[in-house]
Amino acid sequence: MDKTDKPHVLMISEITADGKLTLGKGISSKLLMRHMSEEAEIMLHEVRAEYDAIMVGSSTIRIDNSFLTVRKVSGKNPIRIIPNSLADLPVDSNVFDVAPAKTILAVSEMAPLGRVAAFKSKGVDVVVCGKDKVDFVQLMRVLFDEYGICKLIIEGGPTLNWYMLQNKLVDEIRLIHMPFIVGGSDTPSLVGGMPIRSENDMIRLNLKGTKMYGTNLVTEYEVLY
């Protein structure tokens with residue numbers, strides 16, 4: 001995909017010293033984020049206020065029931081984008097209250113019409129991208145062309161992060177390092193998906209900078225494809 005017909009995408013995430021996103025499979029990342037410094041939290045919300053839209057995956061909504069709004073600083077709430085192929089998330093999830101900001105639900109053609117109608121009745125925008133699962137390349141084009149979204153944050157779990165990186169849709173990565181080790185062979189890490197087959201398949205990064213926010217080191221990378 002040409003970079004001129006999609007939003008600029010920043011992947012931002014907290015991550016432990018051993019590369020984990022949570023304390024365990026199915027556990028909310030909010031427990032880990034309670035230990036984030038105030039300075040890092042403010043930075044995170046400043047970024048939300050600067051960007052047009054924010055996207056998280058279905059599992060994040062199921063586990064965290066996120067609002068995805070701007071707090072800690074003044075600023076406009078970003079448009080919330082939730083890819084959910086079958087439209088099977090709870091309609092009463094916090095993110096589908098469109099009073100704070102517009103919410104876009106991205107579904108596949110397999111999404112039942114009744115489920116789609118339930119979301120539309122709440123004022124949620126529903127876009128169909130993909131036959132049996134969400135086509136992220138098509139979704140990025142729709143967000144850019146139809147919604148004018150030029151800057152998008154993803155605060156994804158490992159599945160969403162993998163799909164976005166696999167499709168070469170991420171431009172930058174910003175990691176908030178948490179000074180903890182949590183372990184666990186099945187504890188979610190930054191990127192899931194299939195393991196690479198050789199060193200030639202590694203996604204390479206260029207370190208752009210580092211900065212301390214309170215007790216948290218933050219590293220910034222450009223993604224090289």
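Predicted model: local features only at pLDDT ≥ 70, side-chain atom pairs only at ≥ 80, totals over all residues.

Trainee: Which residues of H5 are buried?

Mentor: First, the general idea: an α-helix has 3.6 residues a turn, so residues three or four places apart point the same way. In H5, which comprises residues 136–147, the buried residues are Phe 136, Leu 139, Met 140, Val 142 and Leu 143. They lie on the same side of H5 because they cover an arc of only 160° around the axis.

Trainee: What does the face of H5 turned away from the buried side carry?

Mentor: That face carries Asp 145 and Glu 146, both exposed.

Trainee: Which residue caps the N-terminal end of H5?

Mentor: The cap is Asp 135, with a side-chain oxygen 3.1 Å from the backbone nitrogen of Val 137. Just after H5, Gly 148 has a positive phi of about 65°.

Trainee: In what order do the nine strands form the open sheet?

Mentor: The order is S5-S4-S3-S2-S6-S1-S7-S9-S8, with mixed pairing. At the edges are S5 (125–128) and S8 (204–213), each of which pairs on one side only. From one strand to the next, the twist averages 25°.

Trainee: In which sense do S7 and S9 pair, parallel or antiparallel?

Mentor: S7 (residues 172–178) and S9 (residues 216–224) pair in the antiparallel sense, over six bridges. Arg 174 stands opposite Glu 220 in S9.

Trainee: Which strands does helix H2 lie across?

Mentor: Helix H2 (residues 38–50) lies across S1, S2, S6, S7, S8 and S9, and runs at about 160° to S7.

Notes. Residues numbered from 1 in each chain as written. Heavy atoms only, no water. Helix = DSSP H or I, 4+ residues; strand = E, 2+ residues; numbered from the N terminus. Expected span 1.5 Å × (residues − 1). Buried < 20%, exposed > 50% of the residue type's maximum accessible area, 1.4 Å probe, protein only. Arc of directions from axis to C-beta. Polar contact = N/O pair within 3.5 Å; in protein donor to acceptor, adjacent residues only side chain to side chain. Pairing = 2+ DSSP bridges. Axes fitted to C-alpha atoms, helices over the stretch in contact; angles between N-to-C directions. Contact = heavy atoms within 4.5 Å.
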